[in-house]
Amino acid sequence: MAVTYTKLWHILIDRGMKKKDLQQSAELTNHAMLKLRNNQHITTKTIGKICKALNCKADDIMEFGND
């Protein structure tokens with residue numbers, strides 16, 4: 001099952017944030033950001049950090065699709 005983070009990038013645009021802003025506010029590593037940019041799987045801990053930083057739910061930032 002493929003995952004995409006397109007919704008996350010739209011949230012950042014809507015809030016006038018850059019990816020670097022998200023990385024700093026959610027305390028994400030460069031590796032986690034790389035995985036997000038490439039639509040790779042990330043840990044639930046990372047999803048939690050993003051949701052806490054953006055005050056949103058997991059389904060607000062990611063979608064699952066068929067491979």
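Leaving aside neighbours within four places in sequence, Q23 is in contact with L28, T29, N30 and M33. Q23 itself belongs to helix α2 and is buried, with a relative accessible area of 12%. The structure described here is a predicted model.

**Helix α1 (residues 6-14)**

- The buried residues of α1 are L8, W9, I11 and L12.
- Viewed down the axis of α1, these buried residues fall within an arc of 155°, so they line one face of the helix.
- On the face turned away from that buried side, α1 carries the exposed residues I13 and D14.
- The packing partners of the buried residues of α1 are α2, α3, α4 and α5.
- Just after α1 comes G16, which takes a positive phi of about 70°.

**Helix α3 (residues 30-37)**

- Three residues of α3 are named as buried: A32, M33 and L36.
- Down the axis of α3, the buried residues span directions within an arc of 100°, and therefore they line one face of the helix.
- The face of α3 turned away from the buried side carries the exposed residues N30 and H31.
- The elements covering the buried residues of α3 include α1, α2 and α4.
- Both N30 and M33 are also among the contacts of Q23; N30 is on the exposed face of α3, whereas M33 is buried.
- Just after α3, N39 takes a positive phi of about 55°.

**Helix α4 (residues 44-54)**

- Which residues of α4 are buried? They are T46, I47, I50, C51 and L54.
- Seen down the axis of α4, the buried residues lie within an arc of 135°, so they line one face of the helix.
- The exposed residues T44, K45 and K52 are carried on the face of α4 turned away from the buried side.

**The nonpolar core**

- In soluble globular proteins, nonpolar side chains tend to be buried together.
- In this model, the largest nonpolar core has 20 residues.
- The residues with the most contacts inside this core are L8, L36, I50, L54 and I61.
- Helices α1, α3 and α4 are the elements that give two or more residues to this core.
- What does L54 touch, not counting residues up to four places away in sequence? L54 touches L8, I11, L12, R15, M17, L22 and I61.
- Among these partners of L54, L8, I11 and L12 are buried residues of α1.

**The cysteines**

- How many disulfides does a search of the whole structure find? The search finds zero disulfides.
- Is C51 buried or exposed? C51 is buried, with a relative accessible area of 10%.
- C56 also counts as buried, at 16% relative accessibility, because the cut-off for a buried residue is under 20% relative accessible area.

**Positive phi in the loops**

- E27 is not a glycine, yet it has a positive phi of about 55°.
- E27 is placed in the loop between α2 and α3.
- At 61% relative accessibility, E27 counts as exposed, because exposed means over 50%.
- N55 follows α4, and its phi is near 55°, a positive value in a residue other than glycine.
- The loop between α4 and α5 is where N55 is found.
- N55 is exposed, with a relative accessible area of 71%.

Definitions and conventions:
Residues numbered from 1 in each chain as written. Predicted model: local features only at pLDDT ≥ 70, side-chain atom pairs only at ≥ 80, totals over all residues. Heavy atoms only, no water. Buried < 20%, exposed > 50% of the residue type's maximum accessible area, 1.4 Å probe, protein only. Helix = DSSP H or I, 4+ residues; strand = E, 2+ residues; numbered from the N terminus. Arc of directions from axis to C-beta. Disulfide = S-S within 2.5 Å. Contact = heavy atoms within 4.5 Å. Core = buried A, V, L, I, M, F, W, Y, C linked by side-chain atoms within 4.5 Å.
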